[in-house]
Amino acid sequence: MNKRLPLGLGFVLLVLPCSLLVAFTHYPAIKALVNSLWNNSSSFRPSRFVGLENYRALLEDDRLAQVLTNSTIYAICTVPLAIGLSIGMALLVNSKLPGTWLMRLSFFMPTMLPLVAVANIWLFFYAPGIGLASQILSAFGLPSINFLGRTDTSLVSMMVVAIWKEAGLFMIFYLAALQSIPANLKDAARLEGAGSVRVFFDVVLPLLRPTTIFVAVNALINAFRLVDHIIVMTRGGPNNSSALLLYYVYEVTFGHRDFAYGATLTVLMVVILGILAAFQFWVLNRKAHYQ
Amino acid sequence: MTLRNNTALALVAGGLFGLQGAAVSAADLEFYFPVGVNAPAVETIQALTDEWAAANPQHNVKAVYAGNYEETTTKALTAAAAGDPPQVAVLLAIDIFTLIEEGAVLPISDIADSPEEQEWLAGFYDGFMNDTKFDGKIYSVPFQRSTPVFYYNKDAFREAGLDPEAPPKTWAEMIEMGKTLTKRDANGNVTQWGTRIPTLGLGGAWLFGGLVVSKGDVLSTETGTEARINTPATIASLEFLQQLSAEGVMAPGGISWGDTPKAFLEGQTASMWTSTGNLAFVNENATFDWGVGFLPGGDGPGAPVGGGNFYIFSNTTPEEQEAALDFIKFMTSADAAARWSIATGYVAPRPDTWETPVMKEYAERLPQALVALDQLPHAEREFATFQRAKVTQYLVEAIEGVVTGSKSAADAVTEAQEKADAVLKDYR
């Protein structure tokens with residue numbers, strides 16, 4: 001039964017995935033590293049080797065400092081909030097309340113929409129004066145808020161969009177996890193006199209841990225990976241208050257056509273993501289145990 | 001690839017249209033175009049392209065809608081870098097320095113070298129030709145050109161007791177009239193602002209150029225190596241923006257370009273500063289009596305010109321370049337430009353277009369369309385330098401920093417000027 005795969009066939013089977021991995025992951029990463037050591041070429045002057053000069057620019061770039069701060073705040077806020085919200089929604093749709101199918105559908109709806117479409121919808125929500133948010137505020141007699149036009153609200157507005165968009169997907173994972181928790185564990189806890197809050201925190205939540213770690217990893221990756229809504233809604237503005245790292249990489253590379261500095265920023269991003277990935281795998285290996 | 005297609009096409013075309021003879025060489029054109037306005041632009045471009053293709057069956061042309069201006073430039077430059085450029089594209093007039101630096105475009109004045117063609121090139125409004133030149137050569141042909149104008153709600157003017165035929169001409173009048181036009185509800189919340197000048201992003205930077213022009217200065221010159229961000233005119237312009245919101249005439253904070261026409265149509269603002277490219281959209285959707293005037297100015301009228309021009313790309317065959325030129329001539333011909341102008345509100349770039357019956361009838365029906373043309377002599381080039389995207393970003397940051405209250409006008413322009421000079425010093 002366990003027949004050994006001939007070496008040649010194994011090699012052939014590996015060629016496709018390996019070449020894809022090399023072509024789209026390893027080669028670009030190494031190429032970015034190489035490009036980051038050169039400056040830009042133009043028809044006026046050729047590219048020349050500049051060593052670590054681009055990295056020195058990185059340290060002096062106050063815009064980058066702002067972008068990194070934004071990205072950190074964005075990740076720290078969106079990940080736990082998306083997790084909390086999706087657990088709440090999963091509990092709700094897993095309950096015996098009437099109309100759970102409708103709730104499931106409406107909670108999952110944002111996930112099905114492309115982020116660009118979501119961003120355009122929210123653009124109208126946020127529009128001062130005419131948007132839904134303004135109308136709700138004015139129904140309570142409050143002045144309308146220029147959400148995307150103020151430096152203190154633009155990033156928060158972006159986070160709300162991201163959480164709204166992502167929580168539905170994570171809810172599905174939690175729903176699956178909740179339904180796989182054996183009822184007898186909860187029954188046993190109740191027999192021992194535990195209230196429903198106690199049951200949730202001492203029985204349900206620990207059993208959800210593998211899901212939580214999985215979701216946290218995905219949410220963190222998405223916090224760096226998804227910038228469509230920034231491009232559609234604020235283009236990083238006003239005054240860079242909503243610019244995230246990947247958006248900055250995009251703008252520098254394709255907007256400014258500064259490929260050398262774009263490559264340098266890409267290397268920085270790869271390093272940051274690499275560190276996060278290493279940390280997460282370490283946590284995963286230690287804390288998560290799958291049956 | 002392109003070469004093979006050409007040969008095949010030439011054979012087919014030659015077979016079908018044997019009469020045309022061997023002198024007409026076939027070309028396979030790819031034409032990238034952006035859409036920057038709320039108008040049925042794609043349909044009109046496609047229809048015009050199809051007409052040219054029908055009239056020139058020996059050629060083949062594919063019109064590719066490539067997104068907004070920035071996306072179109074990115075796509076065209078990326079395709080050019082990969083060795084497969086579009087033959088012809090409509091890109092921002094101000095991208096000229098970027099395109100030249102990348103060696104992506106050819107001087108059109110070299111391709112259009114016959115006397116008739118030179119005469120044709122000379123037939124565009126000077127206001128639109130200013131930013132097509134570099135080093136004595138013409139690199140682009142005006143197509144979807146616009147200037148911003150002042151749109152105002154005449155009903156709101158009447159309601160406020162103002163003369164609906166006398167829009168504000170100066171900044172002082174703008175503030176005075178704006179105060180009367182601003183309406184508040186019982187809670188003291190504003191339900192209608194006096195005016196709305198987009199201040200965010202590239203649209204904000206474009207309009208800002210108009211403020212500076214009206215103070216008698218320019219943001220950049222034809223050399224492409226000079227950014228004049230720190231001048232008395234820019235500081236005065238920023239202070240005018242600050243004053244508008246301090247006096248309660250305009251909403252505080254940054255104001256987005258995209259929401260502006262909608263806010264105007266919904267009555268959230270009694271007036272707005274935006275592109276003539278929105279004329280058709282406002283005309284179709286306004287439920288009130290509206291008018292258009294020159295942009296109110298600091299020391300006199302002033303506006304930036306903006307919009308997109310035709311470019312012909314390098315790394316193309318002479319046949320393709322000739323066909324592209326012929327295509328451009330068709331698209332800017334009186335009839336085509338009239339249809340394009342009426343469909344969108346862009347200012348037709350040649351006087352002969354305004355002489356056509358259909359355009360005269362349009363101007364009679366929508367006299368607002370003439371305002372931008374009358375304003376043209378007071379318009380100056382839009383901010384453009386080498387490394388435009390990067391340098392403009394510094395200007396955008398300065399404007400956004402000031403309107404959101406994070407920076408003072410003087411600090412903002414000093415910082416932006418330093419950064420711009422650091423980039424541009426390599427080009428001087």
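These legends accompany close-up views of a predicted model.

**View 1. Helices α7 and α10 of chain A pack against each other.** Helix α7(A) covers residues 154-179, and helix α10(A) covers residues 209-225. Their axes lie 10 Å apart and meet at an angle of about 165°. Angles over 145 degrees count as roughly antiparallel, and α7(A) and α10(A) are therefore roughly antiparallel to each other. The crossing of the pair is right-handed. From α7(A), the contact uses A:E166, A:F170, A:F173, A:Y174 and A:A177. From α10(A), A:T211, A:F214, A:V215, A:A219 and A:N222 take part. By class, the contact of α7(A) with α10(A) has seven nonpolar, two polar and one charged residues.

**View 2. Helices α3 and α4 of chain A form another packed pair.** Helix α3(A) spans residues 62-93; helix α4(A) spans residues 100-112. The packing angle is about 155°, and the axes are 9 Å apart. That angle makes α3(A) roughly antiparallel to α4(A). A:M89, A:L92 and A:V93 make the contact on the α3(A) side. On the α4(A) side, the residues are A:T100, A:M103, A:R104 and A:F107. By class, this contact between α3(A) and α4(A) has five nonpolar, one polar and one charged residues.

**View 3. Three strands of chain B form an open, antiparallel sheet.** The strand order is β10-β7-β11. Strands β10 (271-275) and β11 (290-293) of chain B are the edge strands, and each pairs on one side only. From one strand to the next, the twist averages 30°. Strand β7(B), residues 148-153, is joined to β10(B) by five bridges. These two strands run antiparallel. B:V149 has B:T274 of β10(B) as its bridge partner.

**View 4. Five strands of chain B form an open sheet with mixed pairing.** The order is β2-β1-β3-β13-β6. At the edges stand β2 (60-65) and β6 (141-146) of chain B. Each has a single partner strand, so one side of each is left without a neighbour in the sheet. Neighbouring strands are turned by 20° against each other on average, direction ignored. Strands β6(B) and β13(B), the latter at residues 306-312, pair in the antiparallel sense over five bridges. In β13(B), B:N309 is the bridge partner of B:P142.

**View 5. Helix α2 of chain B lies across β1 and β2 of chain B.** The helix α2(B) covers residues 41-55, and strand β1(B) covers residues 28-33. Relative to β2(B), helix α2(B) runs at about 175°.

**View 6. Domain 1 of chain B meets domain 2 of chain B.** The domain assignment gives domain 1 as 2-146 + 306-374 and domain 2 as 148-304 + 380-427. The C-alpha centres of the two domains of chain B lie 30 Å apart. In the contact, 27 residues of domain 1 of chain B touch 25 residues of domain 2 of chain B. On the domain 1 side, α4 (96-101), β4 (133-134), α15 (334-344) and α18 (369-375) of chain B each supply at least two residues. Helix α4(B) gives the most to this side, with four residues. By class, the side of domain 1 of chain B that touches domain 2 of chain B has 14 nonpolar, nine polar and four charged residues.

Technical notes. Residues are numbered from 1 along each chain as its sequence is written. Chains are lettered from A and ligands numbered from 1 in the order in which they are written. This is a predicted model: local features need pLDDT of at least 70, side-chain atom pairs count only at pLDDT 80 or more; totals for chains, interfaces and linings use all residues. Axes are lines fitted to C-alpha atoms, for helices over the stretch in contact, and angles run from 0 to 180 degrees between N-to-C directions. Angles under 35 degrees count as roughly parallel, over 145 as roughly antiparallel, 65 to 115 as roughly perpendicular and the rest as oblique. A crossing is left-handed if the near helix is turned anticlockwise from the far one by less than a right angle, and right-handed if clockwise. Two residues are in contact if their C-beta atoms, placed from the backbone, lie within 7 Å. Ala, Val, Leu, Ile, Met, Phe, Trp, Tyr, Cys and Pro count as nonpolar, Asp, Glu, Lys and Arg as charged, and the others, Gly among them, as polar. Two strands pair if DSSP finds at least two bridges between them. Domain bounds come from an automatic or database domain assignment.
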